[in-house]
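Here is a short report for a reader meeting this model for the first time. Please look over the sequence and the structure before reading on.

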There are 2 protein chains.
Amino acid sequence: MGFWKSLFSGTDASPAPKAAPMERYVGDEADDRATTNRIFFSTERDLDLYELEELCDAVGWSRRPLRKVKKAIQHSFLVVSMWEQRGAQRRLIGFSRATSDHAFNATVWDVVVHPDFQGKGMGKALMKYMIKKLRGEDISNITLFADPQVVNFYRNLGFMSDPEGIKGMFWYPD
Amino acid sequence: MGFWKSLFSGTDASPAPKAAPMERYVGDEADDRATTNRIFFSTERDLDLYELEELCDAVGWSRRPLRKVKKAIQHSFLVVSMWEQRGAQRRLIGFSRATSDHAFNATVWDVVVHPDFQGKGMGKALMKYMIKKLRGEDISNITLFADPQVVNFYRNLGFMSDPEGIKGMFWYPD
């Protein structure tokens, strides 16, 4: 476990997952830099909002007022950031958060992985970490709204679209 | 305004809506009992959970542990109950709640109207009240997951299903 643990570990005190598929997956991609680099997750909320904005810019998201982003992070049930550590340097490479009633439902928002790290299983690892944390809080119904190009990504993670004809619906102001 | 105000008013201090479509709508149905009965909304959270359970039983929902229901209500961003007042007696006839990040998104859950009051525009009034309150908090993206039989109900309220191909997705434990 030592190798994988150092390569891919959370900063919180939760026990490592038993099956650890995300650790293995990332390990496959990261063999060549395993000794010096690692990818890790954090549930800390005191993120540098400019660093987060830079990450969101990198995937082409519309900018949002940092004041509102701060409020949204504050009032999310779960906030997960994904980091690459190279020596002493840390780089924010992924982010996701979830709102919840702390009892039944959670809804995942703002899943983002830096383009340099896409296609390497990082998004999968991030989502698996989200699911693990939400399940650890006894949330049984995890929901999200997926853009068309990522529906299959979420399907591969076990998300179902429109189960029993349930439709995701949106109301926007006129 | 006086007549409608007494017939259909919130218990909170928010100003009455300008167009007041819900007040008119319910008024149409309630002309004959306008002087003694009224329908009103409340955002108070100290609901009698057994009364709420009775309401949910009436529409055939599966029972949920009251401990968790209490927690969910506590951690919802908005909780709206709908009441019929006849003289000194109050009866819980509707309920809904929303989770939110307090900034961008809200998700509406557990919309229920007692069968005795269905088909009278009460669900519409309840949802319009929810939307008004969420908009008042500057939430611009109101979402929900609609069972197939209520998709048109929400569509008539201005909700869109799968806008731009966005899919509502669910993850349940195995």
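How many salt bridges does the structure hold over all chains? The total is 20. A salt bridge here is a side-chain nitrogen of Lys or Arg within 4 Å of a carboxyl oxygen of Asp or Glu.

## Ground rules

This is a predicted model, in which local features need pLDDT of at least 70 and side-chain atom pairs count only at pLDDT 80 or more, while totals for chains, interfaces and linings use all residues. Residues are numbered from 1 along each chain as its sequence is written, chains are lettered from A and ligands numbered from 1 in the order in which they are written, and side-chain values use heavy atoms, leaving out hydrogens and water.

## Two copies, one axis

Chain B can be laid on chain A by a turn of 180° and a shift of 0.0 Å along the axis, with an RMSD of 0.0 Å. In chain B, the C-alpha of Gly168(B) is nearest the axis, at 2.0 Å. Both copies use the same surface: 100% of the contact residues of chain B recur in chain A.

## The interface

Contact (heavy atoms within 4.5 Å) links 49 residues of chain B with 49 residues of chain A. Between them the chains bury about 4,700 Å², 62% of it on carbon and sulfur atoms. Buried area is the accessible area (1.4 Å probe) that two parts lose on being put together, summed over both.

Which three residues supply more of the area that chain B buries than any other three? They are Phe104(B), Met169(B) and Trp171(B), with 19%. Across the interface there are 6 salt bridges. Asp101(B) also forms a salt bridge with Arg97(A), with the closest N and O atoms 2.8 Å apart.

## A salt bridge in chain A

Arg64(A) and Asp110(A) meet in a salt bridge, 2.9 Å from N to O. Arg64(A) lies in the loop between helix H3 (49–58) and helix H4 (66–74), and Asp110(A) in strand E5 (residues 105–113), so the pair ties together parts 46 residues apart in sequence. Helices (H or I, at least four residues) and strands (E, at least two) are DSSP runs, numbered from the N terminus.

## Helices H3 and H4 in chain A

The axes of H3(A) and H4(A) come within 11 Å and cross at roughly 100°. Axes are lines fitted to C-alpha atoms, for helices over the stretch in contact, and angles run from 0 to 180 degrees between N-to-C directions. That makes H3(A) roughly perpendicular to H4(A), a term for angles of 65 to 115 degrees.

Leu49(A), Tyr50(A), Leu52(A) and Glu53(A) of H3(A) meet Leu66(A), Val69(A), Lys70(A) and Ile73(A) of H4(A).

Methods:
Copies are superposed by least squares on the C-alpha atoms of residues with pLDDT of at least 70 in both. Angles under 35 degrees count as roughly parallel, over 145 as roughly antiparallel, 65 to 115 as roughly perpendicular and the rest as oblique.
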